[in-house]
Every structure is written in C-alpha cells, then in structure tokens.
Amino acid sequence: MRIWVDADACPNMIKEILYRAAERKQLLLTLVANRFLTIPPSKVISAVQVPGGFDVADNYIVKHLQQDDLVITADIPLAAEVITKNAHAINPRGELYTKENIKERLAMRDFMEELRSTGQSAEGPPPLGLRDKQDFANALDRFLAKYQ
C-alpha cells in the first residue's frame, strides 16, 4: 500500500502526521503538488512536482494509484475517482470517504458550489483546528491498523 497526498492544499500539520506514520510503518508516502515541496529526508517519503493547471495533480494521482492505496485529499471529486479504482480516501479532517457516502458528499459539494456561484453563500469550511488534527491522526491510525 502507498499513501498519496493531494499536497497543494494539504495543511502542514497533516503532512507532519503523515511523515511520522510513513516512517513508523515504513509505508511509501508520495506527495503530489504543482509547486516545489520540502520533505524530510527519508527512504519512504517522496514528492512529485507536476505542471500547474486544473486537476493536474489529481490526474497524476489517479493515473498512478493502485488498488488499496490511500489518498489524502479534501477534493471530493478526486476522492470519488479514488473509490472507483478500489482505493481509499481520507480528508484532512479525518473523514473516510466510502462507496456508501461519496455520492452524498458529491451532491452536497455541487449544491454548495451552486450557492456560491449565485452569490448566496461565500462560506467555505472553517480552518483546520487541533480537534481536526486529532481526528485525522485517529482516522489514519484506525485505517492503517485495519488495512496494513
């Protein structure tokens, strides 16, 4: 199993958790972004810089993803693609996307995007806090215990 990170929007506190988990479990961890990333020196951690552009990092992840890999992303359409490839996705708040909940998440995302486009709502999710960091760490630990 490899862990892929949609790293352009992934908070640093989440990356730090992933670095520690990858080293502890000796799992391959690949961060994909359209900008240069500084990562710790490691045999299991790598970064891929893709060209800028809409969904370029997402497309790279989907192209290289294997069944049962894990993707860390807040991008719901990417999570949906990951699930169709029989892989797994967790968002930085610790929510595991599944076949059972992804359609609802996509519908809610589309609804909120429609509201924003009509000027009815400009709110996005609140910034990540310490509780979210703990929720993510717990979700990652549960996932790794179950699937590794």
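Predicted model: local features only at pLDDT ≥ 70, side-chain atom pairs only at ≥ 80, totals over all residues.
**Entry 1: Ala89.** I started with Ala89, which sits in strand 5. Residues are numbered from 1 along each chain as its sequence is written, and side-chain values use heavy atoms, with hydrogens and water left out.

Is Ala89 buried or exposed? I found Ala89 buried, with a relative accessible area of 0%. For that term I use these cut-offs: buried is under 20% relative accessible area, exposed is over 50%, and partly exposed is in between (1.4 Å probe, protein chains only). Next I listed what Ala89 touches, not counting residues up to four places away in sequence: Leu70, Val71, Ala79, Val82, Glu95, Leu96 and Tyr97. Contact here means heavy atoms within 4.5 Å. I also checked Ala79, which is 10 residues from Ala89 along the chain; the two C-alpha atoms are separated by 5.7 Å.

**Entry 2: Ala87.** I stepped back to Ala87, in the loop between helix 3 (76-84) and strand 5. Ala87 is buried too, at a relative accessible area of 6%. With neighbours within four places in sequence left aside, I see Ala87 in contact with Leu65, Gln66, Asp68, Asp69 and Val82. How far apart in space are Ala87 and Met1, C-alpha to C-alpha? I read 9.6 Å, for a pair 86 residues apart in sequence.

**Entry 3: the whole chain.** I zoomed out and counted five helices and six strands in the protein. From the N terminus on, the elements run β-α-β-β-α-β-α-β-β-α-α. Of the 148 residues, 39% are buried. Among contacts with a separation of 6 or more, I find that 50% come from residues 24 or more positions apart.

**Entry 4: helix 5.** I then took helix 5 (residues 130-147) and tested its length. At 1.5 Å a residue, its 18 residues should span 26 Å, and the end C-alpha atoms are 26 Å apart, which agrees. The expected span is 1.5 Å times one less than the number of residues.

Which residues of helix 5 are buried? I noted Asp132, Phe136, Ala137, Ala139, Leu140, Phe143 and Leu144. Looking down the axis of helix 5, I see these buried residues within an arc of 165°, so they line one face of the helix. The arc is that of the directions from the helix axis to the C-beta atoms. On the other side of helix 5, I have Leu130, Arg131, Arg142, Ala145 and Lys146 as exposed. The cover over the buried residues of helix 5 includes strand 1 (2-6), helix 1 (12-25), strand 4 (70-72), strand 5 (88-90) and strand 6 (96-97).

**Entry 5: helix 1 against helix 5.** I gave helix 1 the length test as well: its 14 residues should span 20 Å at 1.5 Å a residue, and the end C-alpha atoms are 20 Å apart, in agreement. Its buried residues are Ile14, Lys15, Ile17, Leu18, Tyr19, Ala21 and Ala22. I see them pack against strand 1, strand 2 (28-33), strand 3 (45-49), strand 4 and helix 5.

At what angle do helix 1 and helix 5 pack? I get about 25°, with the axes of helix 1 and helix 5 10 Å apart. That makes helix 1 roughly parallel to helix 5. Where they meet, helix 1 brings Met13, Ile14, Ile17, Leu18, Ala21, Arg24 and Lys25, and helix 5 brings Lys133, Phe136, Ala137, Leu140, Asp141 and Leu144.For these terms, axes are lines fitted to C-alpha atoms, for helices over the stretch in contact, and angles run from 0 to 180 degrees between N-to-C directions. Angles under 35 degrees count as roughly parallel, over 145 as roughly antiparallel, 65 to 115 as roughly perpendicular and the rest as oblique.

Entry 6: Most residues other than glycine have a negative phi. Gln26 is exposed, at 51% relative accessibility. Asp55, in the loop between strand 3 and helix 2, has a positive phi of about 65° although it is not a glycine. I have Asp55 as partly exposed, with a relative accessible area of 30%.

**Entry 7: Asp58.** Last, I visited Asp58 in helix 2 (residues 56-64). Asp58 counts as buried at 8% relative accessibility. Neighbours within four places in sequence aside, I find Asp58 in contact with Asp6, Asp75 and Leu78.

Methods. Helix = DSSP H or I, 4+ residues; strand = E, 2+ residues; numbered from the N terminus.
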